[in-house]
Amino acid sequence: MLFRNRKREARLLEAMKKERPSQGYWRRVWTEYKKNRMALWALRILLFLIFIALTADFLANDKPIYCKLDGQTHWPIFKNFAVQSGWSKWPDGLATFDWQKAEYESVVWPLIPYADNNVDISNYLKGPFEEQSVQSPRFRHRLGTDGVGRDVAAGMIKGTRVAIFVGVLAMLIAAFIGIFFGAIAGYFGDKGLRLSRARLLLNAIGLVLAYFYAIVARRYQLSSGEGLYTELLISLLIALGILLFVNLLSRPLEKIPFLGHRHAIAVDLLVMRFVEVMNSIPGLLLLLAILVLVPKPTIFVVMVIIGMISWTGITRFIRAEILRVRNLEYIEAARAMGYKDRRIIWRHAIPNALGPVLITIAFGIAGAILLEAFLSFLGQGVGIENLTWGRMLSLARSNFSAWWLAVFPGFAIFLTV
């Protein structure tokens, strides 16, 4: 009888498994997430803003997406991106070509036929419901114009890209710096990290050489504005190459008894004192001081600077979490199995200490967006020629009747943050 009951229970369990297949971890997370309607709508809005940021050039531009001109096919927006990145050049006659007035065999235009820096002299400071002097309804300024005739809708789309990119990329930089310093400070403490004299000396020399050859010697290329992303990548590769070379060179030198002698580095003390120094300086004041020293600030420069002054909170959180987990059983087991400290930190300690850090990064993205808007409001950062959210709010301050310059960007900042 007992055997029959067990067989019946086994058949029932098998039937239940067939009727209800087991869900994976992320499917269960998504199922629970969907129960929060406010969070679901927030995710939809965030994805919509990210979509606008990624496709901004195809939504608002004075160049067509695709066109056929004199029997030749052109993709002007893609070409313009390649030119700005330094990967290509415009053919003769197209660098200053007026794409708006050309006669095409076939053409596909963006939704808004204006770029954020286009000036419409005949329609300056026009509201969205006022009469406008345009060629056709397609060229109407749906959200109005600013004091010099720039399209507000195009500025809103470009401002979305600036806000999302500044917030996300700045906090990625801050997260990388903060997690790195916080992890080594929490894991090694003041006596756990021991380095040879050769490695200490060569890394000090390598940092000086990396700064000189990657930044000082290439100052003209980095400040020219042409092919900025390519030049930054080259500088990064030069710095990493120098540091990799000096660390490889230190290995044979460590065999010399004097140079191979190891010293304990009080990394926790050094990192936390540096965090306290950074926190003692007002962030906005430090940001403005650095921007003054930059000859030609760009959006990428603003992202890097915001990221480099926003990492201290992440460092403190990750340090506190790793101090908690570094003596737990699974870390001790990893040490007993002979794993290197580098693997234990990145494969075991950090993944189990990221919970509070992710929340800090989320709030940091919102803070970075507000900080960029405030810089644009002051006329700093990405430049006054760009019609960003903060810049439009600054223009509304001098034009009280232009309500659309305050309502649209103000609501966008509120909704995003």
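Predicted model: local features only at pLDDT ≥ 70, side-chain atom pairs only at ≥ 80, totals over all residues.
Two residues are said to be in contact, or to meet, when heavy atoms of one lie within 4.5 Å of heavy atoms of the other. Leu49, Ile50, Ile52, Ala53 and Leu54 in helix H3 meet Ile157, Thr160, Arg161, Ile164 and Phe165 in helix H6. Sorted by class, the residues of this contact between H3 and H6 are eight nonpolar, one polar and one charged.

Two packed helices are described by the angle between their axes and by the distance between those axes. Helix H3, which covers residues 37-54, packs with H6 at an angle of about 110 degrees, and the two axes are 8 Å apart. Because angles of 65 to 115 degrees count as roughly perpendicular, H3 is described as roughly perpendicular to H6.

The largest nonpolar core holds 44 residues, and the members that touch the most others are Tyr187, Phe188, Leu287, Ile306, Ile314 and Ile322. Several elements give two or more residues to this core, among them H6, helix H11 (267-280), helix H12 (283-293), helix H13 (299-309), helix H14 (312-325) and helix H17 (355-377). The largest share, 13 residues, comes from H6. In soluble globular proteins, nonpolar side chains tend to be buried together.

Because residues under 20% relative accessible area count as buried, Ile179, at 14%, is counted as buried. Beyond its neighbours within four places in sequence, Ile179 is in contact with Ile314, Ile318, Trp346, Ile350, Leu354 and Val357. Ile179 and Arg319 are 140 residues apart in sequence, while their C-alpha atoms are 8.2 Å apart in space.

Asp146 is found in the loop between strand S3 (106-108) and helix H6 (152-188). Although aspartate is classed as charged, Asp146 is buried, with a relative accessible area of 1%. The side chain of Asp146 reaches the backbone nitrogen of Gly149 at 3.1 Å.

Asn80 is found in helix H5, which covers residues 76-84, and it is buried, with a relative accessible area of 18%. Once neighbours within four places in sequence are set aside, Asn80 is in contact with Lys63 and Trp90.

Glu276, by comparison, lies in helix H11 and counts as partly exposed, at 43% relative accessibility. A polar contact of 2.8 Å joins the side chain of Glu276 to that of Arg273. Glu276 and Lys340 are 64 residues apart along the chain, and their C-alpha atoms are separated by 30 Å.

Note on methods: Residues numbered from 1 in each chain as written. Heavy atoms only, no water. Helix = DSSP H or I, 4+ residues; strand = E, 2+ residues; numbered from the N terminus. Buried < 20%, exposed > 50% of the residue type's maximum accessible area, 1.4 Å probe, protein only. Polar contact = N/O pair within 3.5 Å; in protein donor to acceptor, adjacent residues only side chain to side chain. Axes fitted to C-alpha atoms, helices over the stretch in contact; angles between N-to-C directions. Parallel < 35°, antiparallel > 145°, perpendicular 65-115°, else oblique. Core = buried A, V, L, I, M, F, W, Y, C linked by side-chain atoms within 4.5 Å.
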